[in-house]
Amino acid sequence: MLRIAVQSKGRLYEDTMALLAEADIKVSSSKRTLLVQSSNFPVEVLYLRDDDIPQSVAGGVADLGIVGENEFVEREEDAVVVRRLGFSKCRLSLAIPKAVDYSGLSWFEGKKIATSYPSILKKFMKENGVEADIHVITGSVEIAPGIGLADGIFDIVSSGSTLVSNNLQEVAVVMKSEALLIANRNMDDAKKAILDELLFRIEAVKSAEDKKYVLMNVPSDKVKDVVSVLPGAKSPTVMPLAQEGWSSVHTVIDESRFWEIISKLKELGAQGILVVPVEKMIL
């Protein structure tokens, strides 16, 4: 049994549970239970605060964890990054009141900065030769300048709407963050085997993102022309139909070019075009 630590609430929780569901790992989302076992896969999910996940994985309380890169870097725990997951993206940025005329990082010299990420900020300031007074707080960091607690803040930014509502301007991006799958360094072979299967499912889900599986009927004399406009299709499946002179062509198309390609296929005589999201076919 593999134990995976997951954030107990928030956007990362929602994205993580969506990933597990897409990988056909059934887990109860009850927030009143700390530890929940999957009904169809040898994992159990441990719901924790996001800042507790790195230590729990490094210390062996959990074998795996899905955690924001910002928390993993800040905590500096000894765990292995197994895979970047590509969701729950945000950035850690410096922000100051909108009314301030910002002149560059030197503006922060001698200024008080409120943050929940002192380690990352101290390293950044040291690398840039800026001496600032770093004030560690938890909770609503963005209100600190407005109540006179700090001159600026260093915090997570996603859409930027929270900064706007607090009359702040983002002036420097220090690091970008996304969800990471991290692992304990001392898992036994049985747990590593389960991890390999989990990674196989995650890879299948991620590779299927933004792709469409397309089936179409094409006049047999137009098959070569149709194949020539299919991007990246080394060898689409082509099968003769019962109706003489027609073939069925199956392929995968990136969603970003989907309508462009479909229009070209129709011009070449493709008919009966059927589109299926790839993630519906991987398991």
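1. A residue is called buried here when its relative accessible area is under 20%, exposed when that area is over 50%, and partly exposed in between. Please bear in mind throughout that this is a predicted model. With those cut-offs, helix α8, which spans residues 258-267, has Phe258, Ile261, Ile262 and Leu265 as its buried residues. These four cover an arc of only 100 degrees around the axis, which puts them on the same side of α8. On the other side of α8, Trp259 and Glu267 are exposed. After the helix comes Gly269, which has a positive phi, near 100 degrees.

2. Leu12, Tyr13, Thr16, Met17, Leu19 and Leu20 are buried in α1. Seen down the helix axis, the buried residues of α1 fall within an arc of 155 degrees, and they therefore line one face of the helix. Glu14 and Ala21, on the other side of α1, are exposed. Following the helix is Asp24, whose phi is positive, near 60 degrees.

3. What do the buried residues of α1 pack against? Their partners are the strands β1 (2-7), β3 (43-48), β4 (64-68) and β11 (179-183), together with helix α6 (189-208). The strands in that list lead on to the next point.

4. An open sheet of six strands, with mixed pairing, runs in the order β2-β3-β1-β4-β11-β5. The strands at its edges are β2 (35-37) and β5 (80-84), and each has a single partner strand, so one side of each is left without a neighbour in the sheet. On average, and with direction ignored, neighbouring strands of this sheet are turned by 25 degrees against each other. Within the sheet, β1 and β3 pair in the parallel sense over six bridges, and Ile4 stands opposite Val45 in β3. Helix α6 packs on this sheet, where it touches β1, β3, β4, β5 and β11, and its direction makes about 25 degrees with that of β5.

5. A further open sheet has five strands in the order β8-β7-β9-β6-β10, again with mixed pairing. Here β8 (133-136) and β10 (168-177) stand at the edges with a single partner strand each, so one side of each lacks a neighbour in the sheet. From one strand to the next, the twist averages 25 degrees. Strands β7 (residues 112-115) and β9 (residues 152-157) run parallel and are joined by three bridges; the bridge partner of Thr115 in β9 is Phe154.

6. Is Asn70 buried or exposed? Its relative accessible area is 5%, so Asn70 counts as buried. Leaving aside residues up to four places away in sequence, Asn70 touches Leu92, Tyr117, Ile120, Ile156, Met175 and Ser177.

7. My last point concerns the aromatic residues, for which a search of the whole structure finds five aromatic pairs. One of them is the pair of Tyr102 and Phe108, which is edge-to-face, with 6.0 Å centre to centre and 65 degrees between the planes. Phe108 is buried, at a relative accessible area of 0%, whereas Tyr102, at 23% relative accessibility, counts as partly exposed. Ring pairs also link Tyr102, Trp107 and Phe108 into a cluster.

Notes:
Residues numbered from 1 in each chain as written. Predicted model: local features only at pLDDT ≥ 70, side-chain atom pairs only at ≥ 80, totals over all residues. Heavy atoms only, no water. Buried < 20%, exposed > 50% of the residue type's maximum accessible area, 1.4 Å probe, protein only. Helix = DSSP H or I, 4+ residues; strand = E, 2+ residues; numbered from the N terminus. Arc of directions from axis to C-beta. Contact = heavy atoms within 4.5 Å. Pairing = 2+ DSSP bridges. Axes fitted to C-alpha atoms, helices over the stretch in contact; angles between N-to-C directions. Phe/Tyr/Trp six-rings, centres within 6.5 Å; stacked < 30°, edge-to-face > 60°.
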